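Hi,

Here is the structure I said I would pass on. Have a look at it first, and my notes follow below.

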Amino acid sequence: MYRYFILCLLLPVVTACSNVDDLGNRLAPSPELTEKKEDITPSALKIPQDFPEIIPQYANSELQEISDNLTNKQGLIRWSSSDSLEQVSNFYQGKFKGDDWEITQPFNADDNTLIAQKEGLEVKISFLSANNGNTDYTINYQSLNASSPSSTEETSTSSSSQTKDNSKNLNNIPQSLTTSVEEVKKLGTINFNNSENKTIDGNTIINRRTYARWLVETYNKFHENNPAKQLRLGVNTSQPAFSDVGSNDPDFAIIQGLAEAGIIPSRLTGNSSASLFRPDTPLNREDLLTWKVPLDTGKGLPKASLDNIKETWGFQDTTKIDTKAIQALYADFQNGEQSNVRRVFGYTTLFQPKKWVTLAEAAASLWYFGYQGDGLSAQDVLSIN
């Protein structure tokens, strides 16, 4: 009788446990659904079809990021590997040698960079510091013959012989940049002579030679009453700083002058990887900052790290930014509201270093030269003159 009583007490519990097990089985995910679960890890990224096939790929790497404007002529991809930096760099250096690439800069432990060229394509592999023990690196490639399809200034005449044409106007200028662009235009240092149109689209991409010319002529205009601060133009008897800008180039004096002043990285600044200037390729954001900021600060770029940029600007794409541009950005941040990033690009959590610069943005960047309150605006220069 006692045993029967205990059994009666336990029976509902056993039955309830059985029901819970059945319920758990009914609510468990289907094995088929589990197998079909979408992989959303970084390794799920696929190499774009436009990525050049001639660029070797390290097998033990996971794709992390792909630049938005990637084409078969230019782009940037970030990878991560559990192998050591030595293993990855040795692979690429060996591959480039074996596949008849021209290595313009062997792997350099000082700046962790390897640069090679083949079939009109330049590839720069930059190894980045990583906190997770992995080797993070970027592959940045660009056609040596690339140019902006929409640029109205593919070539230019010599800056010394040009006639400034202020009768032409820029259209499609962002409202926040309108005043800056108009005031810089009144200085007479930027021009659009190569376009037959009366109006120019402000969203047109500017090339490197054009911005170099605008930069020198506008900066010298700001300091026309102080020759000691002016940039000196290069002379045609100098050995060219870049192999693709000879003394017969119409903008040789401008580009050579910037190189000799140490504003543009070149072999003269000890940068063996900067043998080419690529005058007719589009100007990107990190080039604009690298060239412009030293003229604001009046001195060389400071030392800076990825952590410095994360702590100041807080950009999400810091690892995509070139070392020199990191230094320029750090100095630019110290310039407060007159920083180039704030004035030209506005509030942003993405720097997009490889994004091409428009005519309007380039002109607006030249509205102010100075550092931490000691400077001049185009408005100031116009009032003085």
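This is a predicted model: local features need pLDDT of at least 70, side-chain atom pairs count only at pLDDT 80 or more; totals for chains, interfaces and linings use all residues.

Helix 7 and helix 9 make a left-handed crossing (left-handed if the near helix is turned anticlockwise from the far one by less than a right angle, right-handed if clockwise). Helix 9 covers residues 323-333, and the two axes sit 8 Å apart at an angle of about 50°. Axes here are lines fitted to C-alpha atoms, for helices over the stretch in contact, with angles running from 0 to 180 degrees between N-to-C directions. Helix 7 and helix 9 are therefore oblique to each other; under 35 degrees counts as roughly parallel, over 145 as roughly antiparallel, 65 to 115 as roughly perpendicular, and the rest as oblique.

From helix 7, Glu286, Leu289, Thr290, Val293 and Thr297 meet Lys324, Ala325, Ala328, Leu329, Ala331 and Asp332 of helix 9, where contact means heavy atoms within 4.5 Å.

Residues are numbered from 1 along each chain as its sequence is written, and side-chain values use heavy atoms, with hydrogens and water left out.

Helix 7 (residues 285-297) also packs with helix 5 (residues 208-222): their axes come within 12 Å and cross at roughly 15°. The pair is therefore roughly parallel, and the crossing of helix 5 and helix 7 is right-handed. Arg208, Tyr211, Ala212, Leu215 and Tyr219 of helix 5 meet Asp287, Leu288, Trp291, Lys292 and Leu295 of helix 7. In this contact of helix 5 with helix 7, seven residues are nonpolar, none polar and three charged.

Helix 5 has helix 6 (residues 252-260) as a partner too, at an angle of about 70° and with the axes 9 Å apart. That makes helix 5 roughly perpendicular to helix 6. Here Arg209, Ala212, Arg213, Leu215 and Val216 of helix 5 meet Ile254, Ile255 and Leu258 of helix 6. The classes for the contact of helix 5 with helix 6 are six nonpolar, no polar and two charged.

Most residues other than glycine have a negative phi. Glutamate 119, though, has a phi near 50°; this residue lies in the loop between strand 4 (113-118) and strand 5 (121-128). Glutamine 372 also has a positive phi, about 50°, in the loop between strand 9 (368-371) and strand 10 (374-377). Glutamate 119 is exposed at 65% relative accessible area, and glutamine 372 counts as exposed at 53%. Exposed means over 50% relative accessible area, buried under 20%, and partly exposed in between (1.4 Å probe, protein chains only).

Buried or exposed: which is serine 180? With a relative accessible area of 15%, serine 180 is buried. It sits in helix 4 (residues 178-186) and, leaving aside neighbours within four places in sequence, is in contact with Ala364 and Trp367.

Overall, the protein has 12 helices and 10 strands, taken as DSSP runs numbered from the N terminus (helices H or I, at least four residues; strands E, at least two). Of its 385 residues, 46% count as buried.

Cheers

How values were computed:
Ala, Val, Leu, Ile, Met, Phe, Trp, Tyr, Cys and Pro count as nonpolar, Asp, Glu, Lys and Arg as charged, and the others, Gly among them, as polar.
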